[in-house]
Amino acid sequence: KVYVTYNEVHKLCQASADRILNDFQPNLMIAIGGGGYVPARILRSFLKRPSAPNIPIQAIGLSLYEQLPSKDPSDHVETPGTKVTRTQWLDFSSLEISNLVGKNVLIVDEVDDTRTTLEYAVKELQKDVEVAAQKLGKASKTRFCIFVLHNKDKTKRGHLPQDMVDEGRYLAARTVSDVWINYPWEATDIDEHDKLAGSQLEY
């Protein structure tokens, strides 16, 4: 297990902000819950331009990880599942959401593990945006980009659109080995979490 602190998350977002601003130029962020919420909010502070409004953040809820039974009730073990469950989605009937058609949309999550969740999010959002564009009579293309804090260096089950890969519309602040990452927002004892983070070797 690897323990990541809030300070590290903050610095990863800060280090990635210039490229996101220059290359992606997002008009809207979509955070994948629950791991994408905190990075998206931190990132928004670094993406703020003088005299420009804050970039709006919308949220979707997707679940892939499954909790495995354990003999010890306090030992929660999760493993990547194979089926993505949609627990929260955007309301494309609202004016605010329909306005994202033809814009640059940054999808934010904490980790790219099997890539299954990211593949699902991009595919489903693209489909919904295309339907919304047809209803609105808009021909302009919506451009999706992805930002994650950590990309696990492993064979992926999911795949991203080829044009997204070719155009470099994917950014991981850091690529790591296939380790289990404990983020601070998952901790019930933040002092113990930070202590474990401080005592671990560089990952």
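The structure holds zero disulfides, a disulfide being a pair of cysteine sulfur atoms within 2.5 Å. In general terms, such a link is a covalent bond between the sulfur atoms of two cysteines. Cys 13 is buried, with a relative accessible area of 0%, and Cys 145 is also buried, at 1%; here buried means under 20% relative accessible area, exposed over 50%, and partly exposed in between, computed with a 1.4 Å probe on protein chains only.

The model is a predicted one, in which local features need pLDDT of at least 70 and side-chain atom pairs count only at pLDDT 80 or more, while totals for chains, interfaces and linings use all residues. Residues are numbered from 1 along each chain as its sequence is written, and side-chain values use heavy atoms, with hydrogens and water left out.

Helix H4 has 21 residues and reaches 30 Å from its first C-alpha to its last, close to the 30 Å expected at 1.5 Å a residue; the expected span is 1.5 Å times one less than the number of residues. Among the buried residues of H4 are Leu 118, Val 122, Leu 125 and Val 129. The helix is followed by Gly 137, whose phi is positive, near 70 degrees.

On a 1 Å grid over the protein atoms alone, a pocket is an open set of points where a 1.4 Å probe fits, with protein on both sides within 12 Å along at least five of seven lines; lining residues have an atom within 4 Å of a point. The pocket is lined by 18 residues, of which Gln 126, Val 129, Glu 130, Lys 141 and Thr 142 lie nearest its centre. H4 (116-136), E6 (143-152) and helix H5 (162-166) each supply at least two lining residues, and H4 provides the largest share, five residues.

Several backbone features lie in loops. Most residues other than glycine have a negative phi, and most peptide bonds are trans. The peptide bond from Gly 33 to Gly 34 is cis, with omega near 0 degrees, and Gly 34 is in the loop between E2 and helix H2 (37-47). Ser 51, in the loop between H2 and E3, has a positive phi near 65 degrees and is exposed, with a relative accessible area of 82%. Arg 115, in the loop between E5 and H4, has a positive phi of about 75 degrees but is buried, at 18% relative accessibility.

Finally, Glu 202 lies in the segment after helix H6 (190-199) and is exposed at 70% relative accessibility. Glu 202 and Val 2 are 200 residues apart in sequence and 9.1 Å apart in space, C-alpha to C-alpha.

Note on methods: Helix = DSSP H or I, 4+ residues; strand = E, 2+ residues; numbered from the N terminus.
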